[in-house]
Amino acid sequence: MAAVSGVRTCDEVLCWGREVVDPALRAQVDQLPATARRIAGYHLGWWDVDGEPTDGGGGKAFRPALCLLAAAATGADAVVALPAAVAIELVHNFSLLHDDVMDGDVRRRHRPTAWTVFGLGPAILAGDALLTAAFDALAGSGHRHADVSVRRLSATVLALVDGQSLDLEFEARDDVVMAEAMRMANAKTGALLGCACALGALFAGAPRPQVDQVRLFGERLGFAFQLVDDMLGIWGDPVITGKAVHSDLASRKKSLPVVAALGSDTSAGTELAQLYKQTQPLSAADVAYAAHLVQRAGARAWSENEAADQLTQAFEHLHAAELSGPAVGELTALAHLVTSREH
């Protein structure tokens, strides 16, 4: 499908973003120690376990595309934000490597996760190496806002750590309330998308009010994205998600839909709470029934409505940023794309 009025399709934008970012991303990863480089390249889908080149489906590079578009929407050349886009993608993959270890996930992007192939310790260290490379990408950029960008990214990583810590804490608790779950989602997902947009605008030389508004756009979009991702973790097609069906329920995660169901004051919510309290592993029948209970408690409908509301707030901030050009339409289209994935 051809672009209309200078606005590219989402597929064209994501392809462009990967073409722009991939060479610089590979150059950054190539500087890692050999073992970390091998694991990182496998995780990113560049080669197989033996180091042979392959197309392992390294993700859509949605976050770096947001970063580049945020720069373009301020009137700058998108490439000016390339170091920031690379840093964002490195931090994202650092978090995925560590999340897979902590959550015990055995599938990522339709193949075995790095820790199941290379071991727990090596996978954790490879994630650490990617995080270090992210800060190196910013610090070595020579950009006049490099120092400010490093501090912003540092604050974002701390938010990610806070969000993941809450996620792990919730697994051992029966009293998680929605305010806590929302804080977790904002920290775990909203922070990085907000940072991607903010760094793009910052590298483009945008004034502080624009930087703040595009950051808020990214944060609200991130919350909506997390809601959709949580729904996929319960009802998603493994062909789309690359994970086992009902994977989040099998690990008894307190995702946003689950917390909504548990706090719904319904018979389905009460049944779900009892199911989650069982000491033995949940069977396939158990997790399928749990998914039914979450839906019966009204949590699927709540999640869909909340995601739509968060997306509306995101667009309000995008409008308030007073950006211009085709990149604004492309940011809008990408936001719709990632919050309307089939589930």
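Just after helix α3, G75 adopts a positive phi of about 105 degrees. The model is predicted, so that local features need pLDDT of at least 70 and side-chain atom pairs count only at pLDDT 80 or more, while totals for chains, interfaces and linings use all residues. Residues are numbered from 1 along each chain as its sequence is written, and side-chain values use heavy atoms, with hydrogens and water left out.

Helices here are DSSP runs (H or I, at least four residues), numbered from the N terminus. Helix α3 spans residues 62-73 and reaches 16 Å from its first C-alpha to its last, close to the 16 Å expected at 1.5 Å a residue, where the expected span is 1.5 Å times one less than the number of residues. Of its 12 residues, 11 are buried, a term that means under 20% relative accessible area with a 1.4 Å probe and protein chains only. Among these buried residues are F62, R63 and A73, and the buried residues of α3 pack against the helices listed below, contact meaning heavy atoms within 4.5 Å.

| Helix packed against α3 | Residues |
|---|---|
| α1 | 10-30 |
| α4 | 82-103 |
| α8 | 178-203 |
| α9 | 208-235 |
| α16 | 326-338 |

A nonpolar core is a set of buried Ala, Val, Leu, Ile, Met, Phe, Trp, Tyr and Cys residues joined through side-chain atoms within 4.5 Å. The largest has 76 residues, of which V91, F217 and L221 touch the most other members. Leaving aside residues up to four places away in sequence, F217 touches L66, C197, A314, F315, H317, L318, L331 and A335. A second, separate core of 32 residues includes V228, A268, L272 and A290.

H246 lies in the loop between α10 (238-241) and α11 (247-250), and counts as buried because its relative accessibility is 15%.

Technical notes: Buried < 20%, exposed > 50% of the residue type's maximum accessible area, 1.4 Å probe, protein only. Helix = DSSP H or I, 4+ residues; strand = E, 2+ residues; numbered from the N terminus.
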